[in-house]
Amino acid sequence: MTTTRTAIVTGAASERGIGMAVADRYAADGWAIVILDLDGERAAHVAAEIGARHGVAHFGTTANVADEASVETARAAVAAEVEAGRLPVVGTLANIAGITSPVPFLETDLALWNTVMAVNATGTYLVTKAFLPPMLEAGFGRIVNMSSVSAQRGGGVFGKVPYSAAKAAILGFTKALAREIADSGVTVNSVTPGAVDTNIRVGTTPELEARIAADIPIGRVASTDEIASVFAFLSSDGASYLQGTNIDINGGSHMH
Ligand code: NAD
């Protein structure tokens, strides 16, 4: 398979995570892949594994998406790979890095609020700002931002107020940027999954997981591959007329 463009995926280094499944699906679809995550060594390792499995160019490095200097270092490293011809031009960015928090509102403090906002919302802002220019220059790009059903229905899965607020910020960010660059050839869309089978719900219990699944009309949480299918579609050539939209994938737990 010839790879003509690179897909950048943030938050794709964690075992059983959505990011890893998305990166794997992008590579299966023929994208060269870049993985940006907190642990650069692991990001490089996962990228190499996925790259080898699908025969595509790959690169992984450290990025704390909430830190402007760290994102700039990662941007420069990716740009150097492209300039050296080791990666094709960047064509997709999947902003997936995120953290959640189940802390009840009055027990939160500003530090927790700031951290959850920083990784989810500010991270999406910083990484998009870093990688949008080459897409605009090429006249082609697909930006897919990870929100959550928690943004739409006020939590109700695991994450509470700071998480729901941060994921709602991503919906507004997506629409406003999509409108601003609507005719550039770059699309900006978001995805709102319900509960997915990953390790993000730190401290969850089998009882809580059973309650979460019982609340979903389909009767189970989503697999990471099911979420990856939506990212793959929004990044495909065929999704060229989706601009500033959001795709729900929640097993029927929120219909609107
Ligand atoms: P996960 O914990 O497995 O993966 C999160 C990834 O983000 C990890 O690789 C982690 O290292 C990375 N990350 C965290 N902070 C970072 C930072 N500051 N900089 C760079 N990378 C960072 O969780 P997941 O379930 O795969 O979640 C992925 C995304 O999907 C998150 O944005 C999450 O909010 C969202 N989401 C998850 C679910 C779910 O039920 N699992 C539902 C809706 C939305």
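Ala, Val, Leu, Ile, Met, Phe, Trp, Tyr, Cys and Pro count here as nonpolar, Asp, Glu, Lys and Arg as charged, and the others, Gly among them, as polar. With that in hand, the lining of the largest pocket divides into 18 nonpolar, 14 polar and 4 charged residues. A pocket, found on a 1 Å grid over the protein atoms alone, is an open set of points where a 1.4 Å probe fits, with protein on both sides within 12 Å along at least five of seven lines; its lining residues have an atom within 4 Å of a point.

This is a predicted model, where local features need pLDDT of at least 70, side-chain atom pairs count only at pLDDT 80 or more, and totals for chains, interfaces and linings use all residues. Residues are numbered from 1 along each chain as its sequence is written, and side-chain values use heavy atoms, leaving out hydrogens and water.

Let us step inside. The largest pocket holds about 760 Å³ of space. Among its 36 lining residues, Ile96, Ala97, Gly98, Ile99 and Ile200 are the closest to its centre.

The ligand takes up the space of this largest pocket. Around the ligand are 27 residues, each with a heavy atom within 4 Å; Ser14, Asp37, Tyr163, Val196 and Thr198 come nearest.

Now look for polar contacts, pairs of N or O atoms within 3.5 Å. Polar side-chain atoms of Ser14 and Tyr163 each lie 2.6 Å from an oxygen atom of the ligand, and one of Arg201 lies 2.9 Å from a ligand oxygen.

How values were computed:
A polar contact is a pair of N or O atoms within 3.5 Å; within protein, one must be able to donate a hydrogen and the other to accept it, and residues adjacent in sequence count only if both atoms are side-chain atoms. A molecule sits in a cavity or pocket if more than half of its atoms lie within 2 Å of its grid points. Grid points are joined across faces, edges and corners, and a volume is the space filled by probe spheres set on the points.
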